[in-house]
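Here's a short tour of one protein model, written for someone new to reading structures. Keep the 3D view open and follow along.

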Amino acid sequence: MVQPIAEALRERLILFDGAMGSEIYRRGVFINRCFDALNVQRPEIVEDIHTAYRNAGAEVLTTNTFGANQMRLAPFGLSDKVEEINTAAVQLARGVAGDDMWVAGSMGPLGVPLRPVGKITPGEAFALFRQQAKVLADNGVDFIILETFADLNVLWQAGRAGKSVCDLPIITSVTFPPERPDLEIRASTLMTPESAVKTIAAWNVAALGANCSMGPKGLLEIVRRMSSVTDLPIVAMPNAGMPQTVESRTLFLASPEYMAENARRLAQVGARGIGGGCGTTPEMI
């Protein structure tokens, strides 16, 4: 059995896996499909991706459940399939991971803002996150990872939902859009790397960090700033560079060598867990 992820991250660098969504797309599944539903509809695709990351040397497999909450499943007519889809996802990841790898239960944002900007109340968001977190925890993930949150108010609801159903470690990962080089986003939240760390560190999380959006170079500065204001382990999951549109296809053109070079730099500035966001492949891991 693996040691608790919080202990491991404090002792050494942990290699996470890479992208799931863009790997599914690379295998011929078009973007109008519900990728989370493939856990049930095309499990061999998800299993193949997990196996590729294991063979690449990843120590953590992340469940294919980023959008497997009731809110994001509803447009596909799958709002009643939260338990089935999340259960299948954990079983697929655990089947490949065995007992010598960690399985991270992935939870992403709801895709809609909270009131007063949107229509969802904090309580409703909490209930949606709680439903998903309970299924992930009940089916045997080693920890929950909250990925790609740009609003700390939403992240707080997800975090407390996870803690309400289990004692598993929780890792939080925020994202910053690429168009703001000063790293300050959304006037309503005014989130910077330092303010995000200050807020999240009070939530008793196992680790925190950032993922996606800015590519490895942009994430390098974020990790540097985060690690300067906390002793908590930092995780970094950069995209494979910035996405490019080529003949109506969204492509990530960074090479494995480029990603490897920047992974070393991320470790040098304080990252204790390193993996990949959108566009990263088993070759990059």
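In what kind of crossing does α6 pass α7? The section on that helix pair has the reply.

## Ground rules

What you see is a predicted model, where local features need pLDDT of at least 70 and side-chain atom pairs count only at pLDDT 80 or more, while totals for chains, interfaces and linings use all residues. Residues are numbered from 1 along each chain as its sequence is written, and side-chain values use heavy atoms, with hydrogens and water left out.

Helices (H or I, at least four residues) and strands (E, at least two) are DSSP runs, numbered from the N terminus.

## The pair α6 and α7

α6 passes α7 in a right-handed crossing. Right-handed means the near helix is turned clockwise from the far one, and left-handed means anticlockwise, by less than a right angle. Helix α6 covers residues 82-97, and it packs against α7 at about 35° with the axes 9 Å apart. Those axes are lines fitted to C-alpha atoms, for helices over the stretch in contact, and angles run from 0 to 180 degrees between N-to-C directions.

Who touches whom? On the α6 side you'll find V82, E83, N86, T87 and V90, meeting Q131, Q132, V135 and L136 of α7. Contact here means heavy atoms within 4.5 Å. Sorted by class, this contact has 4 nonpolar, 4 polar and 1 charged residues. (Ala, Val, Leu, Ile, Met, Phe, Trp, Tyr, Cys and Pro count as nonpolar, Asp, Glu, Lys and Arg as charged, and the others, Gly among them, as polar.)

## Two partners for α10

Now look at α10, residues 215-227, which packs with α11 (residues 256-268) at about 5°, their axes 10 Å apart. The two helices are therefore roughly parallel. That label is for angles under 35 degrees; over 145 is roughly antiparallel, 65 to 115 roughly perpendicular and the rest oblique. P216, K217, L219, L220 and V223 of α10 make the contact with Y258, M259, N262, R265 and L266 of α11.

Helix α9 (residues 193-200) packs with α10 too, at about 45° and with axes 8 Å apart. That pair is therefore oblique, and its crossing is right-handed. P193, E194 and V197 of α9 meet I222, R225 and M226 of α10, giving 4 nonpolar, no polar and 2 charged residues.

## The sheet

How are the strands arranged? 8 of them form an open sheet with parallel pairing, in the order β1-β10-β7-β6-β5-β4-β3-β2. Two strands pair if DSSP finds at least two bridges between them. β1 (14-15) and β2 (60-62) are at the edges with a single partner strand each, so one side of each lacks a neighbour in the sheet.

Further in, 4 bridges join β6 (residues 207-211) to β7 (residues 234-237), and G209 stands opposite V235 in β7. Helix α7 (residues 122-138) lies across β3 (102-107) and β4 (143-149), running at about 165° to β3.

## Some details to click on

F16 and F143 form an edge-to-face aromatic pair, 6.3 Å centre to centre with 70° between the planes. (Rings of Phe, Tyr and Trp, using its six-membered ring, pair if their centres lie within 6.5 Å; planes under 30 degrees apart are stacked, over 60 edge-to-face and the rest tilted.) F16 is in the loop between β1 and α2 (21-26), F143 is in strand β4, and they are 127 residues apart.

Check the backbone as well: the peptide bond from R115 to P116 is cis, with omega near 10°. T148, which is not a glycine, has a positive phi near 65°.
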